[in-house]
Amino acid sequence: MTERPLPTPSHTIGPFYGHALPFPGGGEIAPLGHPDTITLHGHVLDGAGTPIPDALLEFWQAAPDGSLTGTPGSLRRDPSTGGFLGRNGVDFTGFGRVATDADGHYALRTLPPGNAGQPYISVCVFARGLTHHLFTRAYLADGTDPLLDALPAERRATLIAAEGANRTYRFDIRLQGEGETVFLEFQ
């Protein structure tokens, strides 16, 4: 009897994201207690509008001063045990990784991006049923931007986060169907 090889991630569709990729404090980009902290939150939804409870989102952004280098340290390890040490709570890294909860909700606490033009946070979506991750942007304000200007009004709206109370922004990501979020292609 010959043994049948086990499938690898390239042979099957996930979710594999919840096992090793999320890390404690992955959504806490802003230094602890920083007075300019904002919260970007929302739901990841499928084509029927059903929340996806096992998606993983990665976020990248410019620092408030517009720099793009960030500071290393999003995932620090203890050199003696290999365990997770967490962010140092002081430096701004510009990177976050957040899994959605059982209701398909995510939350990211960060500082306002200082990129030129309209401020935005880059988002990468990993979710069940996707053979390739998807890229989009969460704009924190509407205005003149080459990407936004190239879109019809109804499509443009899918990239604008709604400003709420207490320095919060709501940005839902719809993977397909009516109101599908605009996704970007990088070559």
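Read along the sequence, the protein chain of this predicted model follows the pattern α-β-β-β-β-β-β-α-α-β-β-β, and in total the chain has three helices and nine strands. Of the 187 residues in the protein chain, 38% are buried, while the accessible surface comes to about 10,600 Å², with 55% of that area belonging to carbon and sulfur atoms. Among the contacts between residues at least 6 apart in sequence, 66% join residues that are at least 24 apart.

From the chain as a whole, we can turn to one of its sheets. Four strands form an open sheet in the order β3-β2-β5-β6, and their pairing is antiparallel. The edges are taken by β3 (95-99) and β6 (134-139), each of which has a single partner strand, so one side of each is left without a neighbour in the sheet. On average, and with direction ignored, neighbouring strands of this sheet are turned by 25° against each other. Strand β2, which covers residues 56-60, runs antiparallel to β3 and is joined to β3 by five bridges; within this pairing, W60 has F95 in β3 as its bridge partner.

Q118 lies in the loop between β4 (105-110) and β5 (120-126). Is Q118 buried or exposed? Because its relative accessible area is 16%, and buried means under 20%, Q118 counts as buried. Leaving aside residues up to four places away in sequence, Q118 touches Y139, A141, D142, G143, T144 and D145; one of these, Y139, belongs to the edge strand β6 (134-139).

Terms used:
Residues numbered from 1 in each chain as written. Predicted model: local features only at pLDDT ≥ 70, side-chain atom pairs only at ≥ 80, totals over all residues. Heavy atoms only, no water. Helix = DSSP H or I, 4+ residues; strand = E, 2+ residues; numbered from the N terminus. Buried < 20%, exposed > 50% of the residue type's maximum accessible area, 1.4 Å probe, protein only. Contact = heavy atoms within 4.5 Å. Areas by Shrake-Rupley, 256 points an atom, 1.4 Å probe, with all protein chains shown as cover. Pairing = 2+ DSSP bridges. Axes fitted to C-alpha atoms, helices over the stretch in contact; angles between N-to-C directions.
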